[in-house]
Amino acid sequence: MCISPFIMDSVALQSVRGFHTFLLQLCDQENKGMLKEPMLYEDDIQVHIVSEANRSPLQAFWKENMPIFIAERAPLKVDENHMEDSCNSETSDLTSGKLEENMGPLPLSVMKARQLVSWYTLAHNPHMSQVVNCSAPTAFPLLWVRCDASDPEGTVWLGAEPVKTGKEVTSIVFHIVTCTGPIVDKSSFTSIEGLKTAHKNRHSCSAVMTKGYAEYDLFGATVLENTIMESQSNIMVDFTWNNVEKIFEIPPLASIATLNIKVEPGNMRSPVIQIHKELEFLLVLAQGLKTGETEWPEVLEEKSAVTDVQELIEDLKNQLNTSQQQLKSKETEKLKSDAAAVESTIHASFAPERGDLDFAEQLWTRMRKTVSSYQDVVDCLMLVIQHLKCKDIQPWIHRGSNSSLSKLIQQSYHGSMPTVSVNGLTAIRMLLEIGLDKLRRDYINYFIGQELTTLNYLDYFVNYTVNLEEQVLRLQKLHHVLELVVSCSAFLNLSHENLFTLTQSCSRYYKDNPLDERHVFQLPIRPTTINAFYENENPIMWRMEIISCHGQRELKTMWQLNTRPPVDHVTFSTPDLPVDDTTLNSDYEEAFYYNTVISCSQAHFV
């Protein structure tokens, strides 16, 4: 297909020139960082630029990570002057305006979309110098236009992609995205041979290749003790393979598989929920230290904090010397027992405490459950300090503890404990330091005990020489790594090799990036490792690509099935079926899919 220069009437010429100028202004605003919202074109059309693939409305079928134009119908604006005319008209107009604004993205008619694509194409034509007023037209980002599916084919997107040879735009690749569904009867799907034939006829080629892609929701297919992880956390697996043999083919074991893991901490069904609750209390203290105001969580035990701490002290007084000696075991032995205890914590929803908590850690555990005010913290710490001064207790603490209270305890061994005033925010700081010490040890013992990393590799996360705020932030990052690793271990039973790789990958990410609990971490994996979780399940996405080579350029036809509508600007009617299309635990014959076809054609400028 070729595009030849032709004579345009003045109205068409003005339209092309106007659209070209508008796109130049849009790019200029984006480059200056001034583009905060879509720019309006012709009153009823708005265009904006999407630069990140994970923010693209095309991500259901278009994974390219490059800037793109998105053109759509602009929402109707409410005329404020007209709204003031009468109470009734104000209510009516406001309701109408709000309804349209809440509808989400709005499509253009297919005819209007084709017109925009035509103008965009002509603006790139090197022979149309009267349009662009320069010798070399600008190569704009790809243009994608939302369509209302009003044509017989059900077109939902039209796209245009400039192709450059050297510095010159020599052709345009047009993308047409159609969507139908939902479809229940899978026998109505076309055959692979039919798709191949259609592609060959469209592109005048004799040889084609096929690639398969599939995506499964492993949390939707995974149950642990009759529970399923909630939707804010998910583990997806993507498959890619060559030479597709049939529609809906199960990915062969020779496929390339990648886990996409997103785990947001705080899920009550998480195996590490108890550790997360301790971290939450730590964050409450850190916020209180920063702002001077603390929003205390609800107490977990009825007894008062001071009474609970007094009982701890009395227990300590009554301990036998043999028990104390057992607690003072060698550090390597303690590390091993700690690891086993924390592993027990990770694999039980009730999260039992470690068996060798030192005095400061036991104090933290009790105070976390009982303090409800600043005064509670002060009274508890003063009670401990008074007993230390009187030398009627000599509690044992872990070697290497760094909290202020631990240092006071060490000084009390030698009778050189200074006078301490627990006033101002000192009490909050002291309790925060105890919690930091305790959680650091929990995380270290799990990761090292499971041989997932080394202490040197964890140094960034457990470094106590940085300020308290940074210490808390780094522990948050390390906790997120723990959530990710434990979820894959508990729900997918991944091997040590895979868990080790995941730990290293997540740790590297967090050494260079801020905390992002919604980040999707990727882990390459062998399909044989997880085939039991997907081979009898429905994919949430299945796609086949038919590819033909034309010089250095590949042209594709993509045929895709999704369990959810792949576009957000067209409404599809859902069949009345007793199916949960989120977890997809139903039989094949009960699930329904949306069928998307993405075809392309290339037009050369001559």
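**Surface, rings and buried residues in a predicted model**

The protein exposes about 29,500 Å², and 49% of that comes from carbon and sulfur atoms; the areas were worked out by the Shrake-Rupley method with a 1.4 Å probe, and for residues only the protein chains shown count as cover. This is a predicted model, so local features need pLDDT of at least 70 and side-chain atom pairs count only at pLDDT 80 or more, while totals for chains, interfaces and linings use all residues. Residues are numbered from 1 along each chain as its sequence is written, and side-chain values use heavy atoms, with hydrogens and water left out.

On the overall build, the protein has 18 helices and 14 strands.

Next come the cysteines. A disulfide is a covalent bond between the sulfur atoms of two cysteines. Here the rule asks for a pair of cysteine sulfur atoms within 2.5 Å, and the count comes to zero. Take Cys-205: the closest cysteine sulfur, in Cys-549, is 9.3 Å from its own, which is too far for a bond. Cys-205 counts as buried, at 18% relative accessibility. Cys-506 is in no disulfide either, with the sulfur of Cys-488, its nearest, 8.1 Å away. Cys-506 is buried too, with a relative accessible area of 0%.

A pair of aromatic rings is described by the distance of the centres and the angle of the planes. Rings of Phe, Tyr and Trp (its six-membered ring) pair if their centres lie within 6.5 Å; planes under 30 degrees apart count as stacked, over 60 as edge-to-face and the rest as tilted. By this rule there are 24 aromatic pairs. One of them joins Phe-19 and Trp-119, whose ring centres are 6.1 Å apart with planes at 55°, so the pair is tilted. Phe-19 sits in helix H1 (residues 10-31) and Trp-119 in helix H4 (residues 110-124), so this pair ties together parts 100 residues apart in sequence. Phe-19 counts as buried at 1% relative accessibility, and Trp-119 is buried with a relative accessible area of 8%.

Another pair, Phe-189 with Trp-559, is edge-to-face, at 5.4 Å centre to centre and 80° between the planes. Phe-189 lies in the loop between strand E7 (168-183) and helix H6 (192-203), while Trp-559 lies in strand E13 (residues 553-562), so to speak a link between distant parts of the chain, 370 residues apart. Both Phe-189 and Trp-559 are buried. Ring pairs also link these two with Phe-248, Trp-542 and Tyr-593 into a cluster.

Some rings have a charge over them, meaning NZ of Lys or CZ of Arg within 6 Å of the ring centre and within 35 degrees of the ring normal. Lys-511 lies over the face of Tyr-457, 3.7 Å from the ring centre, and Arg-543 lies over that of Tyr-213, at 4.3 Å.

Leaving aside neighbours within four places in sequence, Asn-595 is in contact with Thr-178, Cys-179, Thr-180, Ile-183, Trp-559, Gln-560 and Leu-561. A polar atom of the Asn-595 side chain lies 3.1 Å from the backbone oxygen of Gln-560. Asn-595 is buried, with a relative accessible area of 11%. Phe-592, in the loop between E13 and E14, is buried as well, at 6%. The C-alpha atoms of Phe-592 and Val-184 are separated by 4.5 Å, although the two residues are 408 apart along the chain.

Finally, His-479 belongs to helix H16 (residues 468-492) and counts as buried, at 0% relative accessibility. The side chain of His-479 makes a polar contact with that of Glu-483, at 2.8 Å; such a contact is a pair of N or O atoms within 3.5 Å, where, within protein, one must be able to donate a hydrogen and the other to accept it, and residues adjacent in sequence count only if both atoms are side-chain atoms. Not counting residues up to four places away in sequence, His-479 touches Pro-265, Val-272, Ile-275, His-276, Leu-279 and Tyr-443.

Note on methods:
Buried < 20%, exposed > 50% of the residue type's maximum accessible area, 1.4 Å probe, protein only. Contact = heavy atoms within 4.5 Å. Helix = DSSP H or I, 4+ residues; strand = E, 2+ residues; numbered from the N terminus.
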